[in-house]
Amino acid sequence: MPRAAVAARGMGALVLDLRGHGDSGGVLDARVMDDLLAGLPVLKELGVEKINSGVGALMGDDPVVTGSAIAGEQHYEWAAEAFRVVAGELASLGMTCSFEIHMHSLHDTAVSTLKLLDMIGRPLVTANIDAGTMLRTPHAEEALAAVGI
């Protein structure tokens with residue numbers, strides 16, 4: 001996306017990173033959601049039909065045991081609630097979103113990604129497999145096995 005188009009609308013960047021998962025007790029920053037929701041129409045104007053997104057990192061004391069390995073049910077509920085809002089805006093714009101299976105996130109394994117997608121419950125929010133990051137996630141499935149999940 002051209003930076004000028006984003007800057008012209010008073011936004012710094014179009015990124016959804018729900019950092020509240022670990023260090024702030026899971027409280028989502030409303031400004032992040034506001035920026036994302038305001039940015040989606042800009043993306044649509046620029047011809048973007050699908051965004052790749054995620055819910056941010058969930059880190060603990062051990063830098064290897066992260067993401068879904070330490071997530072509680074509340075983390076999934078917060079993320080699902082936020083992405084149901086995002087999905088509503090995506091639907092109104094005729095856009096879709098995919099979660100990259102990515103290390104350190106709630107969606108760092110195929111099983112955890114499917115759980116999150118099921119909780120969001122909107123078919124226009126999907127997933128894509130990133131075999132490279134799955135290799136760096138000790139508790140992730142083999143990438144080929146993830147295809148069948």
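Which residue stands opposite Thr126 in E3? In this predicted model, the residue opposite Thr126 is Ser98.

## Strands and crossovers

Strand E2 (residues 96-100) has 4 of its 5 residues buried, so the rest of the structure largely encloses this strand. E2 pairs with strand E1 (residues 50-53) through 4 bridges, and the two run parallel. Within this pairing, Cys97 of E2 is the bridge partner of Ile51.

E2 is also joined by 4 bridges to strand E3 (residues 125-128), again in parallel. From E2 the chain passes through H5 to E3 in a right-handed β-α-β crossover. A right-handed β-α-β unit is likewise made by E1, H4 and E2.

## Helix H4

Helix H4 covers residues 73-93, 21 residues in total, and spans 30 Å from first C-alpha to last, close to the 30 Å expected at 1.5 Å a residue. Its buried residues include Tyr76, Ala79, Ala80, Phe83, Val86, Ala87 and Leu90. An α-helix has 3.6 residues a turn, so residues three or four places apart point the same way. Just after H4, Gly94 adopts a positive phi of about 70°.

## Salt bridge

The structure contains 1 salt bridge. Glu73 pairs with Lys115, and their closest N and O atoms are 2.7 Å apart.

Terms used. Residues are numbered from 1 along each chain as its sequence is written. This is a predicted model: local features need pLDDT of at least 70, side-chain atom pairs count only at pLDDT 80 or more; totals for chains, interfaces and linings use all residues. Side-chain values use heavy atoms; hydrogens and water are left out. The expected span of a helix is 1.5 Å times one less than its number of residues. Buried means under 20% relative accessible area, exposed over 50%, partly exposed in between (1.4 Å probe, protein chains only). A salt bridge is a side-chain nitrogen of Lys or Arg within 4 Å of a carboxyl oxygen of Asp or Glu. Two strands pair if DSSP finds at least two bridges between them. A crossover is right-handed if, with the strands pointing away from the viewer, the path from the first strand over the helix to the second runs clockwise.
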